[in-house]
Amino acid sequence: MAHQSALIAEDIEAYLEAHQNKSLLRFITCGSVDDGKSTLIGRLLYDSKMIFEDQMAALEADSKRVGTQGGAIDFALLVDGLAAEREQGITIDVAYRFFSTDKRKFIVADTPGHEQYTRNMVTGASTADAAVILIDARKGVLTQTRRHSYLVSLLGIRNVVLAVNKMDLIDWDQTVFDAIVADYRAFADKIGLSVFTPIPISGLGGDNMAVKSEHTPWYDGPILMDWLESVEVEDGLQAQPFRMPVQWVNRPNLDFRGFSGQVASGMVKPGDRVKVLPSGRESRVSRIVTLPGDLDRAVAGQSVTITLADEVDVSRGDVLVAADSPSAVAGQFEATLVWMDDEPLPPGRSYLLKIGARLVGASVTEIKHRVNVNTLEHTAAKRLELNEIAHVNISLDQAIPFEAYADNRDLGGFILIDRISNRTVGAGLLNFALRRADNIHWQHTDVSKASRAALKSQRGRVIWLTGLSGAGKSTIANLVEKRLHALGRHTYLLDGDNVRHGLNKDLGFTEEDRVENIRRVAEVAKLMVDAGLIVLTAFISPFRAERQLAREILSEGEFVEVFVDTPLAVAESRDVKGLYKKARSGQLKNFTGIDSPYEAPEAAELVIDTTKVDPVAAAEQIVAWLEGDEISYEI
């Protein structure tokens with residue numbers, strides 16, 4: 001290494017043993033653009049003697065070639081590894097670095113300062129125990145400083161340093177430092193960060209980082225490295241009741257069945273009574289298995305395999321909890337959501353929610369209010385844009401065990417995933433269960449869906465016609481219903497225009513309203529299928545996510561997607577209602593195909609090319625497919 005630890009040369013065994021027993025601190029650096037986060041981390045690596053000789057040589061060469069310090073060592077290059085980061089002198093992705101001192105080991109996450117990369121900052125902060133919030137002494141508290149501070153508070157990080165950087169560029173002016181600290185404190189008090197440690201530093205020069213600076217005789221607080229080495233991280237998890245999300249059912253042979261995971265809170269030992277959530281089945285811990293051997297107990301933070309005394313059903317995503325103090329189980333929540341996708345969030349759209357190892361369907365049913373990170377004002381919102389933060393209501397398709405995020409990160413933190421693209425679109429924190437979820441239960445009825453369908457000698461299902469306006473969906477659906485009626489089938493037609501006269505008369509044509517329009521229609525269609533009817537729907541239904549939602553709320557084989565495939569030019573030439581003309585002239589906003597997108601089906605059961613067949617032939621094609629499938633289906 002460029003700076004070798006003396007203990008390595010003197011007694012390597014003693015060094016390795018001491019290193020193994022050091023505590024670990026995870027922390028992040030955050031703040032606005034060009035506040036010096038990467039430089040600060042590079043300097044910490046240098047001062048902690050964690051740079052190898054070849055790395056030092058490469059750093060010196062890179063500093064002369066692409067550095068920003070006029071040929072002098074540019075410590076930011078130790079962290080900024082992407083070509084785009086070096087070219088622009090900014091951080092884009094989260095960079096994790098490990099270093100250690102004689103007292104402690106560290107994992108630091110260098111998070112981006114640009115607003116468009118706020119999602120990356122949330123990723124880095126999600127596992128951090130402490131935060132170093134940087135401020136450029138020349139610029140003071142900026143919008144992104146407030147945003148990152150709010151997120152730090154939101155994610156439950158309570159060990160915070162306010163590093164006022166680049167003090168050398170303002171001649172170490174104490175008055176400026178005091179003004180910045182006062183300005184920040186006024187904001188921090190409002191977000192629950194009333195306790196923080198302000199330190200005047202120069203990341204480039206190393207002042208007040210590893211050694212006390214002679215330039216700040218007026219400062220009598222700790223230097224940064226001393227604070228990092230001494231800050232106590234008390235999460236209190238070991239004092240809480242036992243919780244362990246099951247990550248893997250360990251079944252290596254017929255004689256062993258264990259449940260592997262990391263203990264999220266509390267302590268467990270053989271003989272303890274535990275409950276499996278959400279099923280509620282109880283058993284006792286038989287063994288706590290690890291590779292070196294069985295343990296007498298396991299505590300928060302340990303990864304173990306637990307075997308139970310009884311053969312109970314436990315799956316990946318279930319949670320083992322103390323039987324006498326179990327977690328709550330619910331399916332509707334009030335949550336804080338950070339939206340992380342370029343596409344806005346429309347309430348009602350169906351997503352996947354991942355919490356621990358459990359994956360469930362979810363939708364944001366209501367945006368209660370959006371948070372202005374500058375003023376902390378709560379404002380109304382119909383949608384969420386990239387990096388916006390809001391309090392929302394979330395509904396899941398099944399109940400899950402949970403803890404409030406403030407009490408347990410593992411059981412209270414979640415991400416939202418787009419069903420179609422598998423992108424992570426949001427990150428959130430569960431605050432509490434909505435009590436109405438506990439008070440509503442599905443009422444059992446003796447007459448079943450199968451018996452209703454058998455009475456009609458048919459199988460209830462939905463024939464979902466989708467396509468552009470003017471494609472001929474309503475005409476074809478009407479012809480299909482007439483033909484099925486003549487065959488003695490029991491049907492009902494839900495038409496896009498017709499439902500907007502009653503059921504959906506309160507909805508417009510924004511993306512949010514379109515999502516809600518299809519959600520309501522899908523729920524009505526589900527009830528009609530439950531009654532044993534063959535339901536035909538004729539809706540543009542432009543978004544794949546909503547059509548997928550309609551498919552998923554029905555049983556296997558009950559949703560038949562029919563893509564009425566008509567090119568835009570052909571649909572526009574038909575324009576019986578004059579809608580395309582109005583949309584082209586700007587009189588009609590959010591019109592599908594003009595200023596609102598249509599997402600064509602990728603795997604529809606039937607595709608009707610209306611440039612090749614007329615409506616009558618199209619209807620016959622659908623009926624033939626349906627009747628053929630009906631014959632093969634035994635009621």
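How do S8 and strand S9 (residues 256-262) pair, and over how many bridges? They pair in the antiparallel sense over four bridges. Strands and helices here are DSSP runs numbered from the N terminus, with at least two residues (E) for a strand and at least four (H or I) for a helix; two strands count as paired if DSSP finds at least two bridges between them.

Before going on, keep in mind that this is a predicted model, where local features need pLDDT of at least 70, side-chain atom pairs count only at pLDDT 80 or more, and totals for chains, interfaces and linings use all residues. Residues are numbered from 1 along each chain as its sequence is written, and side-chain values use heavy atoms, with hydrogens and water left out.

Back to the strands. Asparagine 253 has phenylalanine 256, in S9, as its bridge partner. Now step back to the whole sheet: seven strands make an open sheet, ordered S7-S15-S11-S12-S14-S9-S8, with antiparallel pairing. Its edges are strand S7 (243-245) and strand S8 (248-253), each pairing on one side only. From one strand to the next, the twist averages 40 degrees (axes are lines fitted to C-alpha atoms, and angles run from 0 to 180 degrees between N-to-C directions).

S14 pairs with S9 in the antiparallel sense over four bridges, and glycine 261 sits opposite valine 304 of S14. Four bridges also join S14 to strand S12 (residues 281-289), again antiparallel; there, valine 285 faces leucine 308 in S14.

Finally, the holes. A search of the whole structure turns up three cavities of 30 Å³ or more. A cavity is a set of points, on a 1 Å grid over the protein atoms alone, where a 1.4 Å probe fits but cannot get out, and lining residues have an atom within 4 Å of a point. The largest cavity has a volume of about 60 Å³, that is, the space filled by probe spheres set on the points. Its lining includes Pro245, Ile355, Arg358 and Asp410.

Terms used
1 Å grid on protein atoms, 1.4 Å probe; cavity = no way out; pocket = protein on both sides within 12 Å on 5 of 7 lines; lining within 4 Å.
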